[in-house]
Amino acid sequence: MNWNDFFLVRYGSDILLHTGEHLYLVGISITIAILVGIPLGILITRKPELRNPVLGFANVMQTIPSLALFGLLLPVPWLGGIGPTPAIVALTLYSLLPIIRNTYTGIISVDPAIREAGRGMGMTDTQLLLQVEIPLALGVILAGVRVATVIAIGVATIAAAIGAGGLGEFIFRGIATVNNQLILAGAIPSALIAILADFFLGWIEQSLTIREGKKPRWFSFALVVNSPSRQKKAWRLAGISLVVVMIPLVIMVAYTLYSPKHIVIGSKNFTEQVILGELLAQQIEATTNLKVDRKFNLGGTFICHQALQAGQIDAYVEYTGTALTAILKHNPISDPQKVYQQVKQEYAQNLHLEVTKPLGFNDTYAMLVRGNDAEKLHLQTISQAAKYTPQWRAGFSYEFLERPDGFSGLAKTYGLKFASPPQIMDLGLMYKALDAKKVDMVAGNSTDGLIDKLKLLVLKDDKHYFPPYEAVPVVREKTLKEHPKLRQSLQQLAGMISDADMRHLNYEVDGEFRKIEDVVREFLQSKKLGL
């Protein structure tokens, strides 16, 4: 028995790493939400006219779908883009409502007779707030923190879509590779963290809640008001707690300001792209003295391109046909060399990005059907399949539906009509849906490893609709000027990956469930690269 075959042995260190990233995102977000939300909750108890605007804003933030909120933050200066910062901003906004609302509710629910007793003792409004209202409302406030924490733990999994890390990395990778083990590797720790956080905060909430007819566990009104020593001790503990939770924030700021500059490699959110991102990263690390930060699974083409232009990543692998049609908004061209030269020229002139030499393979769009269906119906081409599509259901990615080289042009070229509008889904889910007979045709990539694994057939593009999609690293010109050795390192990869190589690499990850880092390392060694 080989211990390396056990999932926890292979991925144990990664699970711990992503769990730490997850806790970091949630911890920072909840800390900021507490520091902002509790004062706002207190403010609207003193200024009722602000109640509706403040709670209205928090409610709006809560109703925005999490992925949409991450997307809205992408172009925002300083707070947006990719990585932990926009994720923390989004999680903080999501966490505000329960904290503000519970702080407000807890304070206004304090018995008016107790307030009058405090004022009768000569207490100022500040003393009344700190020594009476907040202690009595603390259980309700903690209930809000408890709800906010559980919400943040769940939403933080989606932060992986913008390169923030966390347990969502496993979930997105598992969906892309149809690997339930990877999905559970992200979902189970996230659920356990949520359960433990809910239990722990619930216990504290119960301990601090003053219940009617029972002696309070930690303090009562008389004890808090008449015992300065206990007040001092309570606030000292609160101060220590605040320092402890602020430590990660200070570390993050210090790291951002003073850490050495690294090369940041990005990728889109499917297996091949993550493999290619890791390939660039390992090649750069092996042939230069540069350190590489990996920002993989960033979503679709436009997120990666926007991150590249904003300087939040330094390089990623694009496809020439995608660059021509989706980024530069030109009509498809069938000549691979013309496409490459036009993309290279316009990227340099208009975008200040350098398109390096192609890696060697062409990953064109592939219209896929189940192999047994193709055999039964004698299908080889898209034209042959077109007469059956009125009885079929299709599954496409949103990007494929929107791109100029996507579904609309394909449907006109081949006369495709389906029984119902195409279902929009992630690439990994499309393969799963096709295999499960939920859909009958999907648009995948010609080099995907799941094609062989699931015994699918690639329909031939007999009318040559799709342009060439040669894989090319795209790098910021500024980065190449700062690190001249980087260009030479990437040039070593030119022409080194064939279509068969890429499909094999994809299959090793999708079919054999191997770690991407190991698959890439072995490939570089086999090609005598990275030396």
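This is a predicted model: local features need pLDDT of at least 70, side-chain atom pairs count only at pLDDT 80 or more; totals for chains, interfaces and linings use all residues.
Buried means under 20% relative accessible area, exposed means over 50%, and partly exposed lies in between, with a 1.4 Å probe and protein chains only.

Residues are numbered from 1 along each chain as its sequence is written, and side-chain values use heavy atoms, with hydrogens and water left out.

**Overall picture**

The protein has 24 helices and ten strands. These elements are DSSP runs, numbered from the N terminus: helices are H or I with at least four residues, strands are E with at least two. Of the 531 residues, 51% count as buried. The accessible surface comes to about 24900 Å², and carbon and sulfur atoms hold 61% of that area. Areas come from the Shrake-Rupley method with a 1.4 Å probe; for residues, only the protein chains shown count as cover. A contact means heavy atoms within 4.5 Å. Among contacts with a separation of 6 or more, 76% are between residues 24 or more positions apart.

**Salt bridges**

A salt bridge is a side-chain nitrogen of Lys or Arg within 4 Å of a carboxyl oxygen of Asp or Glu. The count by this rule is 21.

| Pair | N to O distance |
|---|---|
| Asp 198 and Arg 146 | 2.8 Å |
| Arg 403 and Glu 399 | 3.1 Å |
| Asp 405 and Arg 403 | 2.7 Å |

Arg 403 bridges to Glu 399 and to Asp 405. Its relative accessibility is 4%, so Arg 403 counts as buried. Elsewhere, salt bridges with shared partners join Arg 46, Arg 115, Asp 125 and Glu 133 into one network.

Asp 198 and Arg 146 meet in a salt bridge. That pair links distant parts of the chain: Asp 198 is in helix α8 and Arg 146 in helix α6 (residues 125-155), 52 residues apart. Asp 198 is partly exposed, with a relative accessible area of 28%. Arg 146 is also partly exposed, at 25%.

Leu 184 lies in helix α8, which spans residues 180-208. With a relative accessible area of 46%, Leu 184 is partly exposed. Together with Ile 188, Leu 192 and Ile 195, Leu 184 makes a nonpolar surface patch of about 380 Å². Patches take residues with over 30% relative accessible area and no salt bridge; like charges are joined within 9 Å, and nonpolar side chains (Val, Leu, Ile, Met, Phe, Trp, Tyr) within 5 Å.

**Packing of α2 on α4**

The axes of helix α2 (residues 51-63) and helix α4 (residues 84-108) come within 7 Å and cross at roughly 145°. Axes are lines fitted to C-alpha atoms, for helices over the stretch in contact, and angles run from 0 to 180 degrees between N-to-C directions. The crossing of α2 past α4 is left-handed. Left-handed means the near helix is turned anticlockwise from the far one by less than a right angle; clockwise is right-handed. Residues of α2 in this meeting include Val 54, Leu 55 and Phe 57, and those of α4 include Leu 93, Tyr 94 and Leu 97.

**Gly 277**

Gly 277 sits in helix α11 (residues 271-287). This glycine is buried, with a relative accessible area of 2%. Leaving aside residues up to four places away in sequence, Gly 277 touches Ile 265, Gly 266 and Phe 296. Val 520 is 243 residues from Gly 277 along the chain, yet their C-alpha atoms are separated by 9.8 Å.
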